[in-house]
Amino acid sequence: MIKNTIRKKILVTGGAGFLGSHLCDRLLSEGHDVLCVDNLYTGTKDNIKHLIANPFFELMRHDVTTPLYVEVDEIYNLACPASPIHYQYDPVQTTKTCVHGSINMLGLAKRLNARIFQASTSEVYGDPKAHPQSETYWGHVNPIGSRSCYDEGKRCAETLFFDYHRQHDLDIKVARIFNTYGPRMHPNDGRVVSNFIVQALHNQPITVYGSGNQTRSFCYVGDLIESFIRMMETDSGFTGPVNLGNPQEFSILELAEKVIEMTGSSSRVEFKSLPQDDPVQRQPDISLARNTLDWEPVTTLEQGLEKTIQYFHELLISSEGSESVG
């Protein structure tokens, strides 16, 4: 059902990625014309192959660290590797994507007088000393650690967005995204949900770093995309930043046990040392999102895991089938 009477031209950078592809789906379902821009570093054509035949969808292979000249009405800037394995592989490029990419997209938005959304991250809070984390908390970030290319890159991106807003009166929306999961996650991205599911489906040891008592809050991708849409529909006076995530907190060990149970796996938990600067607690205060966007997650962890496990199950069957054929 098309809710909007006006067909907008909307640019989604990182549109072939996990979140970006789901956002493209949603925008097309609402009757918009979507330009998906991705350099396919972590994004994949598999995530958007079902959209290629849609006349209102276009894929452009492009790196946001170089300028882009297109005509659009709105911009969602999601381009950036988001898992430690991927953003630490080429940390300089990660910082460039955050900083140069933001400058290029903000410049485009300024030229077009277009509203622009920035996918920031809970990583701007670092290893937080405040719990839960609200938008007023400034964070506790190591500026020279192995994760800082992403943490500080995203913090600098937020600075750029707010400076463009103050200096050029640009219409910005800044969202701080907490742990999100669901179908189309990269199977080798090193993130805890995908790691646990893939290991469980292979009956391999479930790798838990540290004691497993560190906590995360897991938001299903469908809920998150709904919050994106609502944020972009707010009045121009609301810029954010706003926390977007599920405030229900789980320990990593609880997640591991739940995945083993739901997959019927024979896997056992295997403990390893905690990586540098890995946050001990991560839980969003979403009071601002509730009050301003009238939004909160509706998908339970069990419901979301069921869909995600099914996705990875089908992906592994397909992968193993193609390997046996080869």
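At 18% relative accessibility, Lys258 counts as buried; the cut-offs here are under 20% relative accessible area for buried and over 50% for exposed, with partly exposed in between (1.4 Å probe, protein chains only). The model is a predicted one, with local features needing pLDDT of at least 70 and side-chain atom pairs counting only at pLDDT 80 or more, while totals for chains, interfaces and linings use all residues. Residues are numbered from 1 along each chain as its sequence is written, and side-chain values use heavy atoms, leaving out hydrogens and water.

Lys258 sits in helix α7 (helices are DSSP runs of H or I with at least four residues, strands are runs of E with at least two, and both are numbered from the N terminus). Setting aside neighbours within four places in sequence, Lys258 is in contact with Leu301, Glu302 and Leu305, contact being heavy atoms within 4.5 Å. Just after α7 comes Gly264, with a positive phi of about 65°.

Next, the sheet. Seven strands make up an open sheet in the order β3-β2-β1-β4-β5-β6-β11, with parallel pairing; two strands pair if DSSP finds at least two bridges between them. At the edges are β3 (57–61) and β11 (242–244), each pairing on one side only. On average, neighbouring strands of this sheet are turned by 20° against each other, direction ignored. (Axes are lines fitted to C-alpha atoms, for helices over the stretch in contact, and angles run from 0 to 180 degrees between N-to-C directions.) Strands β1 (residues 9–13) and β2 (residues 33–38) share five bridges in the parallel sense, and Leu11 has Leu35 in β2 as its bridge partner. Helix α4 (residues 148–168) packs on the sheet, where it touches β4 (74–77), β5 (115–121) and β6 (172–177), and its direction makes about 155° with that of β5. Helix α6 (residues 221–232) lies across β4, β5, β6 and β11, at about 160° to β6.

What about the interior? A nonpolar core is a set of buried Ala, Val, Leu, Ile, Met, Phe, Trp, Tyr and Cys residues joined through side-chain atoms within 4.5 Å. The largest one has 58 residues, of which Tyr76 and Phe228 touch the most other members. Helix α6 supplies the largest share of this core, seven residues. Leaving out residues up to four places away in sequence, Phe228 touches Leu19, Leu23, Tyr76, Leu78, Phe117, Ile177 and Leu244. A second, separate core has 29 residues, including Ile75, Cys80, Leu108 and Leu170.

The structure also holds seven aromatic pairs; rings of Phe, Tyr and Trp (its six-membered ring) pair if their centres lie within 6.5 Å, with planes under 30 degrees apart called stacked, over 60 edge-to-face and the rest tilted. Tyr76 and Phe117 have ring centres 5.3 Å apart and planes at 45°, so this pair is tilted. It links strands β4 and β5, with the two residues 41 apart in the chain. Tyr76 and Phe117 are both buried, and together with Phe228 they form one aromatic cluster.
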